[in-house]
Amino acid sequence: MSELPRRAVRRTARLAALPLGYAGRTALGLGKRIGGAPAETVLSEVQQRTAEQLFRTLGELKGGAMKFGQAMSVFEAALPEELAGPYREQLTKLQDSAPPMPTMTVREILTRELGADWKQHLVELDPVPAAAASIGQVHRGTWSDGRAVAVKVQYPGSAEALTSDLRQLSRVARGLGPLVPGLDVKALITEVQARAVEELDYQLEAQAQRAFAAEFRDDPRVVVPDVVADAGTVLVTEWMDSEASLAQVIREGSQEQRDHFGELFLRFMFDAPRRTGLLHADPHPGNFRVVPDPDGQGPGRLGVLDYGAVARLPEGGLPASMGELIRLMLQEDYSELVATLRREGFIRDKIRLEPELLRTYLAPFTEPASQPEFHFSRSWMQEQFKRASDPRSEAYAVALRLNLPPSYMLIHRTFAGGIGVLSQLEATVPFRRILEESLPGFDA
């Protein structure tokens with residue numbers, strides 16, 4: 001395959017088949033139950049085959065389909081264990097890999113974007129991709145000055161595939177709902193659509209990565225590769241030697257590794273906006289790497305990749321009201337909290353909320369910051385997800401009356417995804433201290 005499958009009929013048929021396949025397997029499962037098969041055996045088989053079809057299809061199509069799958073995989077920790085178990089292997093696999101495109105296609109793109117003399121600059125290029133993701137793949141190479149580099153090449157037809165996939169996924173969102181129960185699939189697709197155009201612009205990505213690299217140069221905790229060259233659909237950056245990704249730490253890391261990299265991950269999420277005025281808005285585990293310490297003695301540093309999804313923060317950092325709201329929640333100053341929520345647009349003018357209901361709804365948001373250290377876990381995340389998605393709960397009723405202002409949309413999605421990663425890691429982190437050090441308005 002020399003490029004992404006772009007023909008609308010072909011891609012649409014594969015995406016539309018996802019909910020139909022689920023319905024067919026469910027009917028087959030019912031037949032097995034009538035035939036006497038145990039319910040738990042049938043359920044597990046249906047879920048496993050559904051997971052394999054869903055994420056295999058999303059991964060192979062790349063484009064918007066895989067981008068949606070990666071975004072969805074961050075929230076795996078929120079699914080109930082009986083549903084998450086069969087899905088986990090397929091989800092985490094999607095976070096790290098996708099089928100590659102041929103070497104000939106890569107060379108054609110390099111010639112088009114870097115010029116016919118590109119081999120004079122990129123003197124070596126490994127034909128086997130080191131990584132493959134939703135809209136591009138990465139090859140290791142050597143630049144003319146001797147530096148090892150990562151060459152990211154965008155798949156041909158990415159723009160068309162991204163637009164087509166997300167439009168079709170939006171149409172079948174209701175049918176995809178049963179594949180991952182409780183997740184607002186349509187809202188997630190809408191958010192992915194909003195970031196898609198920026199992620200196709202490698203020059204915009206290069207600009208953001210240069211800003212992060214300049215700020216974190218020589219940082220003892222975080223490694224950001226600098227940009228070497230960029231042109232159209234090719235981005236060349238310094239190569240970063242790493243031992244694993246956070247996806248691998250999630251699968252097999254020790255508790256010490258989970259806690260260490262969980263803390264570095266959380267610090268980066270809050271500290272980077274303060275230092276760069278930018279928010280790295282793609283928190284899936286494949287973008288975060290385990291990098292050895294220079295002396296080889298410590299537990300390692302956090303390498304951060306992929307700056308295609310970045311929020312440019314108008315206040316030069318996270319809004320001070322974000323820290324102020326969390327502080328007011330902890331102080332249980334609900335009259336001032338309601339006033340601040342109204343001022344920021346979270347509560348519309350004619351909406352009334354009882355303080356006690358608000359207290360119940362906000363408890364999970366304050367819990368991690370209410371103690372010196374907090375242990376994030378799948379079970380905790382599942383409980384919060386259940387509260388927020390159960391129409392019978394008070395929390396659900398409050399959520400319906402709150403509004404999420406557009407300026408907070410990407411921030412909210414990014415930090416929700418970040419909490420999902422911490423819960424997948426099962427990490428214990430000094431959450432409150434990090435807020436005090438890095439979140440504007442919190443330590444007032």
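Predicted model: local features only at pLDDT ≥ 70, side-chain atom pairs only at ≥ 80, totals over all residues.
Let's start with charge. Side chains of opposite charge can pair when their charged atoms come close. How many salt bridges does the structure hold? The count is 18. I'll take three of them.

First on my list is arginine 147 with glutamate 238. Their side chains meet in a salt bridge, at 3.4 Å from N to O. Where do the two partners sit? Arginine 147 is in the loop between β3, residues 136-143, and β4, residues 148-154. Glutamate 238 is in strand β7, which covers residues 234-238. Now accessibility. Arginine 147 is partly exposed, with a relative accessible area of 32%. Glutamate 238 is partly exposed too, at 27%.

Next, please look at helix α12, residues 255-276. Aspartate 271 forms a salt bridge here with arginine 274. Their closest N and O atoms are 2.3 Å apart. In the helix, aspartate 271 and arginine 274 are 3 residues apart, so about one helical turn separates them. Is aspartate 271 buried or exposed? Aspartate 271 counts as buried, at 15% relative accessibility, because the cut-off for buried is under 20%. Arginine 274 is partly exposed, with a relative accessible area of 47%.

Aspartate 271 has another partner to show you. The side chain of arginine 275 meets that of aspartate 271 in a salt bridge, 3.2 Å from N to O. Both lie in helix α12, 4 residues apart, which is about one turn of the helix. Arginine 275 counts as partly exposed, at 24% relative accessibility. Which residues join into one network here? Through salt bridges that share partners, Glu215, Asp219, Asp271, Arg274 and Arg275 are joined.

Now to the backbone. Most residues other than glycine have a negative phi.

Take aspartate 218. Its phi is positive, about 70°, although it is not a glycine. Aspartate 218 is found in the loop between α10, residues 202-216, and β5, residues 222-223. At 77% relative accessibility, aspartate 218 counts as exposed.

Then glutamate 332. Here phi is near 55°, again a positive value in a residue other than glycine. Glutamate 332 lies in the loop between α13, residues 320-331, and α14, residues 334-343. Glutamate 332 counts as partly exposed, at 45% relative accessibility.

That's my tour. Thank you.

How values were computed:
Residues numbered from 1 in each chain as written. Heavy atoms only, no water. Salt bridge = Lys/Arg side-chain N within 4 Å of Asp/Glu carboxyl O. Helix = DSSP H or I, 4+ residues; strand = E, 2+ residues; numbered from the N terminus. Buried < 20%, exposed > 50% of the residue type's maximum accessible area, 1.4 Å probe, protein only.
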